[in-house]
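Please keep the sequence and the 3D view side by side while going through the numbered points.

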Amino acid sequence: MCEDKELKSVGLELMFMTPEKGAEDNWVTAVELAKMVDLPVEIVKKKLNILKEKEIVFVKGINPKYWKFDNYNFQRMDEDDEVYRLLCSFDDVDFDKYFSY
């Protein structure tokens, strides 16, 4: 798997989701997330489903669906998993966009 920048963007945005970003209790819809990462909603939904298959995001609701990062399952992932490695490679990550100091 080559580096999937869109998957990384969606995954990191969920990983660092905070109530200050407007997400209620860190749950966010795909539409809200798409605006945050500046990607089309359809692409964001595909990436969310990849993360769901890896069991590192929760989903609740039907219309709309709300998504939340599962830090516990993420910590338990196999370190050789390509999605785990993707979300842990911070070389090109600007953390200022996730945190306000």
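1. How many bridges join β2 to strand β3, and do the two run parallel or antiparallel? The model is a predicted one, and in it β2 and β3 (residues 66-69) run antiparallel and are joined by four bridges. Among the facing residues, V57 has F69 of β3 as its bridge partner, while F58 stands opposite K68 in β3.

2. The connection between these strands can be followed next. β2 and β3 form a hairpin, with five residues between the two strands, and in the turn G61 has a positive phi of about 85°.

3. As a general point, strands of a sheet pair through backbone hydrogen bonds, which may be either parallel or antiparallel in arrangement.

4. For helix α1 (residues 5-15) and helix α3 (residues 41-53), the angle is about 70° and the axes are 9 Å apart. Because angles of 65 to 115 degrees count as roughly perpendicular, α1 is described as roughly perpendicular to α3.

5. Which residues make the contact of α1 with α3? From α1 come E6, L7, V10, G11 and L14, and from α3 come I43, V44, K47, L48, I50 and L51. Sorted by class, this contact has eight nonpolar residues, one polar residue and two charged residues.

6. Finally, the open space can be considered. Rolling a probe the size of a water molecule over the atoms shows where empty space is left. The largest pocket holds about 160 Å³ of space, and its lining consists of T29, A30, V31, K45, N49, I62, P64, K65 and W67. Both α2 (30-37) and α3 supply at least two residues each to this lining, and the lining residues divide into five nonpolar, two polar and two charged.

Definitions and conventions
Residues numbered from 1 in each chain as written. Predicted model: local features only at pLDDT ≥ 70, side-chain atom pairs only at ≥ 80, totals over all residues. Heavy atoms only, no water. Axes fitted to C-alpha atoms, helices over the stretch in contact; angles between N-to-C directions. Parallel < 35°, antiparallel > 145°, perpendicular 65-115°, else oblique. Contact = heavy atoms within 4.5 Å. Nonpolar A, V, L, I, M, F, W, Y, C, P; charged D, E, K, R; others polar. 1 Å grid on protein atoms, 1.4 Å probe; cavity = no way out; pocket = protein on both sides within 12 Å on 5 of 7 lines; lining within 4 Å. Points joined across faces, edges and corners; volume = space filled by probe spheres on them. Pairing = 2+ DSSP bridges.
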